[in-house]
Amino acid sequence: MEIANKVFIVTGGASGLGAGTVRMLVENGAKVVIADVQDAPGEALAKELGQRYVHCDVTQEADGKNAVAAARELGTLFGLVNCAGVAPAAKIVGKNGAHPLDLFQKVVSINLIGSFNMMRLAAEAMSANSPEPTGERGVMINTASVAAFDGQIGQAAYAASKAGVAGMTLPIARDLAKTGIRCMTIAPGIFGTPMIFGMPQEVQDSLAASIPFPARLGRPEDYAKLVQSIITNDMLNGETIRLDGAIRMPP
Ligand code: NAD
C-alpha cells in the first residue's frame with residue numbers, strides 16, 4: 001500500500017512514538033488526524049505539519065467517533081496507529097497496602113480497551129472503502145510492549161494490558177481478513193520518550209547500556225520506520241513484532 005494521500009489516525013500522536021509516526025506519515029505524503037488528550041502539544045504539532053488535531057480520549061466511544069469523522073473529512077480513512085498509552089507502576093502489596101484496583105482498571109481501560117475501541121470504529125469505517133488493487137482496505141497497528149512478555153516488578157497492570165493488545169491482534173486480523181483490513185502490533189523495548197525521560201538520568205543510561213545492540217535507547221524514528229514497513233508490506237498481518245535491540249527485561 002502506498003502511504004501518499006492516504007488518511008491515518010494516530011492516537012497518542014501528540015508525543016513520543018505517536019508524534020514520530022505522525023512525522024513519518026506526513027513526510028510520506030499522508031494526511032493525519034492526531035488524536036490525543038494533550039491538547040496543547042497536539043495542536044502545536046498539527047499546526048507545524050499542517051494536519052488536524054482532535055481531542056480524543058481513546059476510552060470514550062464518542063471521542064473515537066469524532067476522530068473517525070475528522071479523518072473522513074480529510075478523505076478515505078486507511079490507517080490507524082494506536083500509540084496512546086500510560087505506564088504507571090505499582091507493586092501488588094506496597095507501602096500503602098494492596099495494589100489500587102482503580103489504577104489497574106485505568107491502565108487496562110486506556111491501553112487495552114482504548115486500543116480496541118479505536119480499532120472497532122476504524123475498522124467499521126475502513127470496511128466501506130473501495131479496495132486497493134491488492135484487495136486491501138486498510139491497516140491497523142497497535143503498540144504493545146516487551147512488558148507483555150517479560151514484565152517487571154510493578155508492571156502487573158501495564159503488562160496485562162499490553163499482553164491483551166498482543167493477544168487480540170491475531171483474532172482481529174483473522175476476523176477482518178476477508179474485508180482486506182490488516183492488524184499488526186509492535187512491542188517496543190525501551191524508547192527515549194517522555195514516558196522514559198521522567199526517570200533519573202543514571203537509570204536511563206543503564207537502561208540504554210542494557211540493550212545488547214545498538215546499546216542506545218530506541219528513537220521514535222526507529223518505531224516509525226517499522227510502522228512504515230508494516231503499512232507498505234501487506235504480507236505482515238496478525239503478528240506482534242518485538243522492536244527492542246534483543247533486550248530481555250530482568251525481574
Ligand atoms: P508518551 O507518554 O510520550 O506518549 C503517550 C501519549 O498517549 C501521550 O501523548 C498521552 O497524552 C497519550 N494518551 C494517554 N492517555 C490517553 C487517552 N486516554 N486517550 C488518548 N491519548 C492518551 O509515551 P510513548 O513512549 O510515546 O508511548 C507510546 C506507546 O508506546 C504507549 O502505548 C506505550 O505504552 C508504548 N511503549 C513505550 C515504550 C517506551 O519505552 N517509551 C516502551 C514500550 C511501549
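Which residue has a polar backbone atom 3.4 Å from a nitrogen atom of the ligand? The residue is Cys56, and the views below set this contact beside the sheet of the predicted model.

Residues are numbered from 1 along each chain as its sequence is written, and side-chain values use heavy atoms, with hydrogens and water left out. Because the model is predicted, local features need pLDDT of at least 70 and side-chain atom pairs count only at pLDDT 80 or more, whereas totals for chains, interfaces and linings use all residues.

View 1. In the order E3-E2-E1-E4-E7-E8-E9, 7 strands form an open sheet with parallel pairing; strands are DSSP runs of E with at least two residues, helices are runs of H or I with at least four, both numbered from the N terminus, and two strands pair if DSSP finds at least two bridges between them. Strand E3 (52-55) and strand E9 (240-243) each have a single partner strand, so one side of each is left without a neighbour in the sheet. Neighbouring strands are turned by 20 degrees against each other on average, direction ignored, with axes taken as lines fitted to C-alpha atoms, for helices over the stretch in contact, and angles running from 0 to 180 degrees between N-to-C directions.

**View 2. Strand E4 between E1 and E7.** Strand E4 (residues 77-82) runs parallel to strand E7 (residues 138-143) and is joined to E7 by 4 bridges, with Gly79 opposite Val139 in E7. E1 pairs with E4 in the parallel sense over 5 bridges, and Val7 stands opposite Leu77 in E4. Of the 6 residues of E4, 6 are buried (under 20% relative accessible area, with a 1.4 Å probe and protein chains only).

View 3. The ligand is surrounded by 28 residues, the closest being Ser15, Asp36, Tyr158, Phe191 and Thr193, where a residue counts if one of its heavy atoms lies within 4 Å of the molecule. An N or O atom in the side chain of Tyr158 is 2.6 Å from an oxygen atom of the ligand, while a backbone N or O atom of Phe191 lies 2.8 Å from an oxygen atom of the ligand. Of the 820 Å² of accessible area that the ligand has on its own, the protein covers 94% (Shrake-Rupley method, 1.4 Å probe; for residues, only the protein chains shown count as cover).

How values were computed: Buried < 20%, exposed > 50% of the residue type's maximum accessible area, 1.4 Å probe, protein only. Polar contact = N/O pair within 3.5 Å; in protein donor to acceptor, adjacent residues only side chain to side chain.
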